[in-house]
Structure formats: C-alpha cells, structure tokens
Amino acid sequence: MRLNQAQVIEKVFKAYDCRDALELGFFHGVSTVYMASILKSMGDRRTLTTIDLLSAKERSPNLDELAAKFGVSDHVEAFYEPRSYLWRLKAFIEEGRKFDFCYLDGGHTWADSGFAFFLIDKLLKKDGVILFDDMKWTPEHQPAAQHWPEDERTTAAVERVWTLLVMQHPNYDRVWTHGNWALAQKRDNTPLVGGAKRIWRKLIGANKYINFRPDR
Ligand SMILES: C[S@@+](CC[C@H](N)C(=O)[O-])C[C@H]1O[C@@H](n2cnc3c(N)ncnc32)[C@H](O)[C@@H]1O
C-alpha cells in the first residue's frame, strides 16, 4: 500500500466512522500500520484486525516490529494462520464478530478471493465496505503457477470475483473501481439519499470512478 492509497482509506474510515476494520494479507505490515495509524488518529477505541500466514513472523521487518516502531501496536489485533485466513474467518463467524471495513489483499486466486468474499459478506455490518486490491494481478510469473492450466495463470482472478460475484450479489449496489482497486458497500436496505449520497459522491469523485450500477 502506498501513501496516496492510505489517504483514500482515511476518507472511507472517516466517512463511515470505522471502528472495527479487517485486513486479509499484511505481508510486512505496511498497509496495517497505515490503517492502524488512521484509526488511532480518529480517537476512541478502534482496532484493525489483520490476518496472514505464520511465515509472516519471519519477515524482516515484520508486522510486530513495524507496529511498535510507529506506535500503533495497541490498535492492531494480528492473527498468524498455519494455512489460511479462511479458517480464521470461519471462527469469526462462529464468534459473531462484525466489521465496518475489510481490505482484501491476500491470496489473489479464484478460490481464495471468491470464498473470502462469501465469508466477508457475513462479517460485514450493514453499510460496511469491502475493498479489493490487485484487480489486474495474474499469477503467470509466479514459480508456483508454472504448471497450472493456462487460464488459471493468465486470468486476473480478483477481477473475476468482482465481476461475477460482487457485482451480481444482491447485497452490493454501491460500487466503484479505480486502477487496481475496487470498493463495494453492503446495502443497508434504506434509500441512498441526502448525506449518504453526498458522502458516496465525495468518495467516488466527479469523473474519476465508474459507477457500474446507475440503474439501482
Ligand atoms: C500482497 S501481500 C499483502 C500486502 C499488504 N497488504 C500491504 O499492502 O502492505 C499478500 C499477503 O497475503 C498473504 N496470504 C496470501 N494468501 C493467504 C491465505 N490464504 N491466508 C493468509 N494469508 C495469505 C501472503 O502471505 C502475503 O503476505
């Protein structure tokens, strides 16, 4: 994540008074520290829950080091999974946890992203926002993908999840994309009027983003 992207997230967090944010995939923890710093600056008790693999502990720098360095450890709840965040999401559903926002930046395969979306939908509060990263990413240059079928290597799976699952899902009708990012807001089943409409327009910008659902 870069600074200009964190600035977009800051607008979203502030527009929706985000208290409980979720991140799938933190790698070294750069995006985690950006988002936790924004939550910290917003006051009260706000937390970013973030999930990656056990191997993330071995990275240098790692999340713990970065969070401590930037003074946001108290705003980060980190989970290190043996195999996948998908199992931690199962536990969250069992525990009845809910989030205002989810940044999905983990495994960019069809299976990982598609099933993660299904689970995140259950974990998002009404009005909650989901942000997909790496919409254009394909695994074709990854060593692990060299023996995969051609279409799996060359298809941008996150974009397919977006188009085939999110855009066709009845819970999501406020959406925008920009470059590698796509953002959707869960329906609250109330008409999009007044303040909410103004906030959404502000996030979307004048001409910069495409509204795919002008009819709804
Ligand atoms: C693109 S990096 C995240 C970058 C980070 N969000 C940032 O902007 O600084 C993707 C991360 O997702 C993790 N990941 C991929 N698939 C995963 C899975 N199924 N469960 C947990 N973590 C996963 C990888 O270990 C990697 O650290």
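## Packing of helices 4 and 5

In this predicted model, helix 4 (residues 85-95) packs against helix 5 (residues 110-123) at an angle of about 20 degrees, with the axes 10 Å apart. Helix 4 is therefore roughly parallel to helix 5, a term for angles under 35 degrees, whereas those over 145 count as roughly antiparallel, 65 to 115 as roughly perpendicular and the rest as oblique. Axes are lines fitted to C-alpha atoms, for helices over the stretch in contact, and angles run from 0 to 180 degrees between N-to-C directions. Helices (H or I, at least four residues) and strands (E, at least two) are DSSP runs numbered from the N terminus.

Helix 4 passes helix 5 in a left-handed crossing; a crossing is left-handed if the near helix is turned anticlockwise from the far one by less than a right angle, and right-handed if clockwise. Helix 4 contributes Leu 86, Leu 89, Phe 92 and Ile 93, which meet Phe 115, Ala 116, Leu 119, Lys 122 and Leu 123 of helix 5. Contact requires C-beta atoms, placed from the backbone, to lie within 7 Å. The residues of this contact divide into eight nonpolar, no polar and one charged. Here Ala, Val, Leu, Ile, Met, Phe, Trp, Tyr, Cys and Pro count as nonpolar, Asp, Glu, Lys and Arg as charged, and the others, Gly among them, as polar.

## Packing of helices 5 and 7

Helix 5 also meets helix 7: their axes come within 9 Å and cross at roughly 35 degrees, and this crossing is right-handed. From helix 5, Trp 110, Ser 113, Gly 114 and Phe 117 meet Ala 157, Val 158, Arg 160, Val 161, Leu 165 and Val 166 in helix 7. By class, the contact of helix 5 with helix 7 has seven nonpolar, two polar and one charged residues.

## Trp 162

Trp 162 lies in helix 7 (residues 157-166). Trp 162 counts as buried because it has 21 C-beta neighbours inside 10 Å; the class requires 20 or more other C-beta atoms within 10 Å of a residue's own, exposed means 12 or fewer, and partly exposed lies in between, with C-beta atoms placed from the backbone. Leaving aside residues up to four places away in sequence, Trp 162 touches Phe 132, Met 135, Met 167 and Ala 182.

## Surroundings of the ligand

There are 17 residues around the ligand, of which Gly 25, Phe 27, Ser 31, Ser 84 and Gly 107 come nearest. A residue is near a molecule or strand if its C-beta atom, placed from the backbone, lies within 6 Å of it. Helix 2 (30-41) and strand 2 (47-53) are the elements that give two or more residues to this shell, and strand 2 supplies the largest share, three residues. The shell comprises eight nonpolar, five polar and four charged residues.

## Backbone features

Most residues other than glycine have a negative phi, and most peptide bonds are trans. The bond from Ser 60 to Pro 61 is cis, with omega near 0 degrees, and Pro 61 lies in the loop between strand 2 and helix 3 (63-69).

Asp 17 has a positive phi, near 50 degrees, in the loop between helix 1 (3-15) and strand 1 (20-24). Asp 17 is exposed, with 10 other C-beta atoms within 10 Å. Asp 134 has a positive phi near 60 degrees and is partly exposed, with 19 other C-beta atoms within 10 Å.

## Basis of the model

Residues are numbered from 1 along each chain as its sequence is written. In this predicted model, local features need pLDDT of at least 70 and side-chain atom pairs count only at pLDDT 80 or more, while totals for chains, interfaces and linings use all residues.

How values were computed: Contact = placed C-beta atoms within 7 Å.
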